[in-house]
Amino acid sequence: HSDSSRTSPIKGDVLLVDIKSVDSIPEKKHGKRFCFAISGPQDTWVVRAETETDFSRWRDAVRNAIAVARRPVQTPAVLSSPVSQAGRSRVTSTSTTATSTTASP
């Protein structure tokens, strides 16, 4: 978050998973059009777009990013059955030579 000037220092940040809500703010309440609030654990940021199209895109993008950040991490399935010996390589070594063999099916 920063002020309207592009040279202003960053005012703060929050992890997407910590966002509590992203809510549209009615013009009657805020006095400006195309605003929404991003509420974190300690702060609330009000974001204002220039157009209704930008407003919808920004709000939806923030909501989607939060949803993605909150998804559980997918881990590869662990095989529950023993792996067959077919296709496994075995290396045998002697003091002077090493050979590699592949079991055939």
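**Nonpolar core and salt bridges**

Colleague: Which residues make up the largest nonpolar core?

Modeller: This is a predicted model, in which local features need pLDDT of at least 70 and side-chain atom pairs count only at pLDDT 80 or more, whereas totals for chains, interfaces and linings use all residues. Residues are numbered from 1 along each chain as its sequence is written, and side-chain values use heavy atoms, with hydrogens and water left out. A nonpolar core is a set of buried Ala, Val, Leu, Ile, Met, Phe, Trp, Tyr and Cys residues joined through side-chain atoms within 4.5 Å. The largest one holds 8 residues in all: I19, V22, F34, F36, I38, A49, F55 and I66.

Colleague: Which elements each supply at least two residues of this core?

Modeller: Helices (H or I, at least four residues) and strands (E, at least two) are DSSP runs, numbered from the N terminus. Each of the following supplies at least two core residues: β2 (35-39) and α2.

Colleague: What does V22 contact, leaving aside its neighbours within four places in sequence?

Modeller: Contact means heavy atoms within 4.5 Å. V22 is itself part of the largest nonpolar core. Its partners beyond those neighbours are F36, A37, R59, V62, R63 and I66.

Colleague: Is R59 buried or exposed?

Modeller: R59 lies in helix α2 (residues 52-70) and touches V22, S24 and F36, not counting residues up to four places away in sequence. Buried means under 20% relative accessible area, exposed over 50%, and partly exposed in between (1.4 Å probe, protein chains only). Because the relative accessible area of R59 is 15%, the residue counts as buried.

Colleague: With which residue does R59 meet in a salt bridge?

Modeller: A salt bridge is a side-chain nitrogen of Lys or Arg within 4 Å of a carboxyl oxygen of Asp or Glu. The N to O distance is 3.2 Å, and the partner is D60.

Colleague: How far apart are the closest N and O atoms of R48 and E50?

Modeller: The structure holds 2 salt bridges, and R48 forms one of them with E50. R48 is partly exposed, at 43%, while E50 is exposed, at 61%. The closest N and O atoms of the pair are separated by 3.7 Å.

Colleague: What pattern does the protein chain follow along the sequence?

Modeller: The protein chain contains 2 helices and 5 strands. Read along the sequence, their pattern is β-α-β-β-α-β-β.
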